[in-house]
Amino acid sequence: MTRKTTFTAMAGALTLIGSAATAQTEIQFWHALGGALGEKVGEIAKDFNAAQDTYTVVPTYKGTYTENMTAAIAAFRAGEQPHIVQVFEVGTATMMAAEGAIKPVQGIMEQADIDWNNDAYLPAVKSYYSTTDGDLLSLPFNSSTPVMWYNRDLLDEAGVEDVPQTWDEMFAAADKLQENGHDCAFSFGWQSWVMIENYLAWHDQPIGTQQNGFAGLDTEFVFDESEDLTNLLQRIADSQADGTFEYGGRRGDSLPLFTTGECAMWMNSSAYYAGISEQADFEFGQAMLPINSDVAEEPQNSIIGGATLWVLEGHDEAEYQGVAEFFNYLSSPEVQADWHQSSGYVPITTAAYELSKEQGFYEENPGTDTAIKQLSLNEPTENSRGLRFGNYVQVRDVINEELEDLWAGNHTAEEALATAVERGNALLRDFEAANN
Amino acid sequence: MRTKTVTFRHKWLPYALIAPQIVITLIFFIWPASQALYQSVLRQDAFGLKTEFVGMANFARLFADSDYINSFLTTISFSAMVAGFSMGIALIMAIMADRVIRRAMVYRTLLIWPYAVAPAVAGVLWWFLFNPTIGIAAYALDGLGYDWNHYRSGSDAMTLIVVASTWRQVSYNFLFFLAGLQAIPRSLTEAAAIDGAGPVKRFVTIQLPLLSPTVFFLIVVNVVYAFFETFGVVHATTSGGPGQATNILVYKVWRDAFEGLNLGSSAAQSVILMILVIALTAIQFRYIERKVEY
């Protein structure tokens with residue numbers, strides 16, 4: 001507030017002395033993208049500011065996703081909230097339950113004086129962040145999806161010609177690798193996202209009731225009911241005995257397992273493209289996630305991770321016009337295609353995807369369209385649209401803990417999933433109680 | 001014991017002199033603590049839009065939660081190990097440093113160094129050394145036939161955070177033990193030596209009893225350190241995992257508030273920790289001031 005007042009006062013003073021300066025409206029934008037990505041965000045804001053002279057978007061890096069979200073919430077409680085805050089996908093339920101704190105993007109865009117249509121966004125991206133009526137709540141910005149990274153050199157040495165497409169082929173490839181003296185066939189990161197959420201969406205099975213939480217707060221987890229998931233996780237845990245699978249920690253901690261050539265395949269976000277290109281001194285590629293041929297012939301579609309931009313309440317109408325114009329600029333095919341190509345995140349609009357194709361990006365960088373192909377395989381179903389569970393950051397921790405008990409051999413897959421569901425449901429009830 | 005009394009000429013002067021300290025205490029200790037007390041009886045959504053008074057429900061739920069009890073037990077064994085190892089190692093080093101006559105300053109300075117390293121940095125250093133894929137310590141263990149993986153094994157993870165926390169605290173304890181040992185008059189140990197007592201006997205019957213005030217002081221300080229200041233180590237290395245093997249109380253407080261946005265439960269946990277610290281401090285004052293005599 002103080003800064004804005006000072007700014008207005010300064011602008012006023014300038015006008016008084018006859019300068020041509022006009023009072024620009026500041027739009028505060030808090031994000032969680034550090035390093036090269038953060039610089040790119042700064043560039044986008046700078047270009048937008050240069051393209052018009054009514055608004056100034058001020059991007060601020062606030063730390064990790066969790067820190068950024070907590071900072072914005074604390075700021076809101078103190079009445080100092082930014083206009084735009086970037087929130088990761090698992091924070092969606094918390095944000096949307098906060099009626100009175102957030103302004104749905106659909107409303108802002110429709111009220112603003114711009115030409116805008118939410119059909120421009122990819123269905124798999126849009127559906128994750130829309131109400132059941134199809135109204136967009138937050139603006140998709142950086143989205144990715146898990147893919148399977150493979151080490152072409154290791155597979156060639158072992159005589160595995162085709163990259164495994166099913167889990168059976170995966171274990172067959174593991175046998176071949178071991179015959180060739182290579183222990184670890186595969187590993188993965190973000191295990192809840194990759195091995196539970198995406199596995200179930202990929203096979204068109206529910207994670208929880210009430211359309212994975214989209215239809216109401218009284219949702220309950222059911223991911224322990226999938227027999228094929230239970231069996232697969234058990235099979236993976238058992239395969240640690242001969243070193244086929246190696247667990248490398250939460251989030252992206254297992255990346256070195258892949259980049260040092262210890263494990264031949266690694267399932268994690270498509271957004272690791274830049275990191276892997278930098279670190280791997282072998283030929284690598286990305287392929288679609290394997291399918292469990294016992295239960296499905298064809299995959300459904302994978303679900304996204306990443307973050308969206310939420311707009312917070314409590315600012316002037318004129319400022320929301322600026323937010324809408326910035327969002328519109330951000331969604332333009334040129335900006336999106338550039339963002340997609342430089343970051344490894346998927347393009348969020350169909351037009352940006354088409355533009356990248358025209359520019360020949362996928363021909364020059366084979367495999368970089370795996371993620372978007374996975375996302376747009378089919379029209380998303382209730383099971384593959386995404387998920388919307390309260391307290392989900394904590395639930396992910398619970399799932400991490402229980403899966404770690406499985407990898408350590410303290411629990412069977414059945415016990416681990418049952419305990420995760422039980423503890424997860426308790427967190428869902430907490431959230432329901434706090435938001436009713 | 002004679003009590004000292006100071007007489008001020010103005011009545012307001014003593015109050016004015018302690019006012020800055022009182023203000024700082026009120027702003028940085030009493031106010032946040034009272035906020036924690038207040039939050040601990042509420043149930044609130046993250047944004048503070050809906051608030052409900054729930055009385056002792058947050059506390060009742062904690063004690064009915066096996067994960068919380070588990071976290072308590074983990075913290076107790078973790079603290080006991082950190083305090084035990086860091087004091088034991090520091091004492092041995094202090095005894096050895098006490099005997100060194102030449103270049104004593106060099107040894108002392110080197111032993112004190114790790115204390116200058118922040119807990120989070122210490123955590124990251126050890127994390128790199130023990131990373132199962134790229135860590136040199138893990139590689140060495142592998143050579144000895146031990147498959148180190150703190151991502152999978154709870155006991156490996158516990159070892160990692162105990163080592164990282166202990167390593168740093170040894171320096172602090174070393175300083176106090178060395179000062180304590182040097183305060184013991186040489187004539188006592190020399191007299192014992194003349195009477196025929198060997199080094200071990202001299203240590204057990206003369207030096208250790210005379211060190212007891214330092215030992216008690218350090219026990220309290222080390223337990224408080226292990227309870228609270230090791231947050232950085234856990235945050236930078238294990239994030240409380242695998243499973244809940246290293247989910248110590250102070251980490252759980254942070255995680256429930258800043259990741260889970262469950263302020264009520266987190267505040268209740270803070271209040272419990274607050275009570276623990278008050279108890280520890282009370283023990284320190286009563287026990288050390290009264291029982292321990294030179």
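User: How are H5(B) and H7(B) placed relative to each other?

Analyst: This is a predicted model, in which local features need pLDDT of at least 70, side-chain atom pairs count only at pLDDT 80 or more, and totals for chains, interfaces and linings use all residues. Residues are numbered from 1 along each chain as its sequence is written, with chains lettered from A and ligands numbered from 1 in the order written. In chain B, helices H5 (residues 119-130) and H7 (residues 154-183) have axes 9 Å apart at an angle of about 130°. Angles under 35 degrees count as roughly parallel, over 145 as roughly antiparallel and 65 to 115 as roughly perpendicular, with the rest oblique, so H5(B) and H7(B) are oblique.

User: How many residues of the contact of H5(B) with H7(B) are nonpolar?

Analyst: H5(B) contributes residues including B:Trp126 and B:Phe130, while H7(B) contributes, among others, B:Leu160 and B:Trp167 (contact: C-beta atoms, placed from the backbone, within 7 Å). Nonpolar covers Ala, Val, Leu, Ile, Met, Phe, Trp, Tyr, Cys and Pro; charged covers Asp, Glu, Lys and Arg; the others, Gly among them, are polar. One residue of this contact is polar, one is charged, and the number of nonpolar residues is eight.

User: Which helix gives the most to the side of chain A that touches chain B?

Analyst: Chain A brings 33 residues to the contact and chain B brings 24 residues. On the side of chain A, H3 (65-77), H4 (92-97), H12 (255-259), H19 (392-407) and H20 (413-434) each supply at least two residues. With seven residues, the helix that gives the most is H19(A).

Key: Axes are lines fitted to C-alpha atoms, for helices over the stretch in contact, and angles run from 0 to 180 degrees between N-to-C directions. Helices (H or I, at least four residues) and strands (E, at least two) are DSSP runs, numbered from the N terminus. Two residues are in contact if their C-beta atoms, placed from the backbone, lie within 7 Å.
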